[in-house]
Amino acid sequence: MQKYIELFTTKEGLEQIFEAFDGLGIFVGLLLVFIESFLPFLPLIVIVILNTNAYGFFIGFLMSYLGSVIGSYSVFLVVRNFLKTPATRYINKHKTLIKMREFIDKRGFTFLFILMSLPFTPSSVINVIAGVSNVKKRVYLYILIGAKFIMILSISIVGHDVTTFFTSPTRLILSVVFLVVLYVISKLYERYLNRKMNSN
């Protein structure tokens, strides 16, 4: 047990994890992010941090970005082309989801772009709701390309070279503060959207 604790709480332990992950090949990083779009319980932030530390900032960011865009758009297309009826049936049982779908239909682009840019947004839910909405396929792809770039880049900047946190407490504090700010912004935007949806 002590060995596993040290693996995740020491600089040397994290370096071992990143080296082992690097040995799996860069496309494993892309595949994990892609799978996360279908299995949202997987921690996207952790996967992106693994990618940027194992493969380097540029390659890690690129693999994470491509995996996230392709995965999210795949969920959208699967729902739009094959699961629209059961997904619509499920959404119609929940008032909040109904209001969100209607809100997307009325003012989808800006709403979706901002929401998908924030790291703490439940993007899998948004992908499904967008799939049963009237948002055009091409438009949703454009939204994902722009929004996911911002989201994955922000996580990559914070999580790249995390082993320096052990020697630079200032960087650790700044990174934590940045994530907290993003989390607060996400929650404030969600509350704003809830007020807007309930006022319609």
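**Figure 1. The side chain of S154 reaches the backbone oxygen of M151 at 2.7 Å.** Welcome to the first close-up of this predicted model. S154 sits in helix 9, a helix that covers residues 137–159. Is S154 buried or exposed? With a relative accessible area of 11%, S154 is buried. Leaving aside residues up to four places away in sequence, S154 touches P119, F178 and L182.

Figure 2. A pair of aromatic rings is described by the distance of the centres and the angle of the planes. F61 belongs to helix 5 (residues 57–81) and F149 to helix 9, so their pairing ties together parts that lie 88 residues apart in sequence. How accessible is each partner? F61 is buried, at 8% relative accessible area, whereas F149 is partly exposed, at 37%.

**Figure 3. F57, F61, Y65 and F149 form one aromatic cluster.** Here the view takes in the neighbours of the previous pair.

**Figure 4. Helix 8 and helix 9 pack with their axes 12 Å apart.** Helix 8 spans residues 123–132, and its packing angle with helix 9 is about 165 degrees. That angle is over 145 degrees, so helix 8 is roughly antiparallel to helix 9. The crossing of helix 8 past helix 9 is right-handed. Which residues make the contact? From helix 8 come S123, I126, N127 and A130, and from helix 9 come Y140, L144 and K148.

**Figure 5. Helix 6 also packs with helix 8, with the two axes 9 Å apart.** Helix 6 runs over residues 84–91 and meets helix 8 at an angle of about 110 degrees. This falls within the range of 65 to 115 degrees, and helix 6 and helix 8 are therefore roughly perpendicular to each other. To follow the meeting point by eye, look for K84, A87, T88 and I91 in helix 6. Their counterparts in helix 8 are V128, I129, G131 and V132.

Conventions
Residues numbered from 1 in each chain as written. Predicted model: local features only at pLDDT ≥ 70, side-chain atom pairs only at ≥ 80, totals over all residues. Heavy atoms only, no water. Helix = DSSP H or I, 4+ residues; strand = E, 2+ residues; numbered from the N terminus. Buried < 20%, exposed > 50% of the residue type's maximum accessible area, 1.4 Å probe, protein only. Phe/Tyr/Trp six-rings, centres within 6.5 Å; stacked < 30°, edge-to-face > 60°. Polar contact = N/O pair within 3.5 Å; in protein donor to acceptor, adjacent residues only side chain to side chain. Contact = heavy atoms within 4.5 Å. Axes fitted to C-alpha atoms, helices over the stretch in contact; angles between N-to-C directions. Parallel < 35°, antiparallel > 145°, perpendicular 65-115°, else oblique. Left-handed = near helix turned anticlockwise from the far one by under 90°.
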